[in-house]
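Welcome, and please get your viewer ready. We will go from stop to stop, with something to select at each one.

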Amino acid sequence: MESYDVVVVGARSAGASTALLFARAGYRVLLVDRAQFPSDTLSTQHIHRPGLRLLKRWGLLERLAATGCPPVRRISYTLQDVRLDGPVPVEEGIDAVYAPRRYVLDSLLIDAAAEAGAEFLQGCTVTGVTTEGGRVTGVRCRIGRGTAEVRARLVVGADGMRSTLAGLVGATTEREDIPRTCVYYGYWEGLPAQFEVYERTGRLIGVVGTHDELTLVAAYFPQAEFQDVRRDADAAYVEAIRTTAPGLAERALSARRVERLRGTGRQLNFFRTVKGPGWVLVGDAGCHKDSITGTGISDAFEQAALLAESVGAGLHDDREPGAALERYATGHRRLMESRYRMALDTARLEVTEERLEFTRWIASDPASAGAFLSVAVSHVEAAELIPATG
Ligand SMILES: Cc1cc2nc3c(=O)[nH]c(=O)nc-3n(C[C@H](O)[C@H](O)[C@H](O)COP(=O)(O)OP(=O)(O)OC[C@H]3O[C@@H](n4cnc5c(N)ncnc54)[C@H](O)[C@@H]3O)c2cc1C
């Protein structure tokens, strides 16, 4: 039986980045995923500023740009008839927004983890955990027709919303809110775009350029309309663009949609307990929220960084793991509560008179408009931008 310091289950934004950071910290790491890579997944792919900042810190932002992921340097936000438009604010040398295809981003992260020394096993499905005295000590997995058991001081569940690990260790759901939206998205050829968001009551359209000179266009609808929308998703998608972003719809007349339309109504909102003896959850496994604010990738990176920092060099110290995981759980709550709240608020798809007036006022003042767009790319609550005093 092989023995590792850390086994990470799930090798996408949460898992591959966690494996990368633990491997760079000198730990012996095994990263496993049941999928074969390169592999796509159901997700649009705009990475918010905190995520880009971490990619840069990890030395991966330039590598991402070199894959042909276009830097998007202008942003517009249109709330009904009020429009804000400007350059993407420059911060820490980052002057663009990126929205890589997931089969590019996830493979890039896995390669970086492997370069840092993590072993990567694809086509490997975790089916069980081993325990000693109530503590998780490793995982059981299926690879092809065989099975294997692997020991680890820490088992990380980065296996997404339907986390097998969370089920195996009995992680409880601490908070749950009903789904608020459903979403359909597609890729367009010949539709040059900046980073654009259009919102009216009941609809939100997000637009951003991605690999292969394609433009991603996503349409959000209320969850209550899901059954109607899915009956003819193509028609509902086109109608949502036409009625929410008429200018975009006009530009799309000379463009062509490629690939199939993808969508989901499983916009679950929950927090799970993120740690226990010998195990911890990162990414969607620990907290899943409506994808409307598009912060999941960025949040996963931040959680990976938080976990690696919380554990530090203390994984072999028998008194430390519990305290380290407690630090992670506290930081996780602090980080995710505001992101969760923002996602659920946006997912109401409600444009109130008050919001409209406020946005109109911001649009009338270039300095305020710039600050607003800065908040939009960072996707933090305004309060997080105000430096703490004292
Ligand atoms: C429609 C939609 C649009 C989105 N748009 C954006 C966006 O624009 N920007 C953004 O930042 N985020 C977006 N997100 C959210 C984002 O995709 C996720 O939050 C983010 O990728 C975190 O993923 P993860 O790594 O935690 O889990 P996942 O991406 O779900 O990865 C989990 C991995 O675990 C593996 N796995 C599962 N079970 C097992 C097992 N038993 N054994 C081995 N492997 C296993 C799976 O194969 C998978 O590869 C969107 C999500 C959706 C659904």
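In what order do the strands of the open sheet of seven lie? Keep in mind as you look that this is a predicted model. The order is S4-S3-S11-S12-S13-S10-S14, and the pairing is mixed.

**Stop 1**
Select residues 82-87 and 256-264. These are strand S4 and strand S14, the edge strands, and each of them pairs on one side only. Now show the whole sheet: on average, its neighbouring strands are turned by 10 degrees against each other, direction ignored.

**Stop 2**
Next, select residues 195-200 and 203-209, which are strands S11 and S12. Five bridges join the two, in the antiparallel sense.

**Stop 3**

**Stop 4**
Which strands form the open sheet of three? They are S9, S15 and S18, in the order S9-S15-S18, with antiparallel pairing. Strand S9 (173-177) and strand S18 (287-288) are the edges. Select residues 269-272 to see S15, which is joined to S18 by two bridges. Here Phe-271 stands opposite Cys-287 of S18.

**Stop 5: the nonpolar cores**
Show side chains for Val-29, Leu-55, Trp-58, Leu-64 and Leu-307. These have the most contacts inside the largest nonpolar core, a set of 73 residues. Which helix gives the most to this core? Helix H9 (residues 296-311) does, with nine residues. Centre on Val-29 and look around: among the residues that Val-29 touches are Tyr-4, Val-6, Phe-22 and Ala-118. A separate second core has 29 residues, including Val-97, Val-258, Leu-349 and Leu-373.

**Stop 6: an annotated span**
Finally, colour residues 4-309. An unreviewed UniProt entry lists this span as "domain: FAD-binding". Within the span, 28% is helix and 37% is strand. To finish, draw a distance between the C-alpha atoms at the two ends of the span: they lie 19 Å apart.

Note on methods. Residues numbered from 1 in each chain as written. Predicted model: local features only at pLDDT ≥ 70, side-chain atom pairs only at ≥ 80, totals over all residues. Heavy atoms only, no water. Pairing = 2+ DSSP bridges. Helix = DSSP H or I, 4+ residues; strand = E, 2+ residues; numbered from the N terminus. Axes fitted to C-alpha atoms, helices over the stretch in contact; angles between N-to-C directions. UniProt positions renumbered as here; feature names shortened; annotations may be inferred. Core = buried A, V, L, I, M, F, W, Y, C linked by side-chain atoms within 4.5 Å. Buried < 20%, exposed > 50% of the residue type's maximum accessible area, 1.4 Å probe, protein only. Contact = heavy atoms within 4.5 Å. Lists of a residue's contacts leave out its neighbours within four places in sequence.
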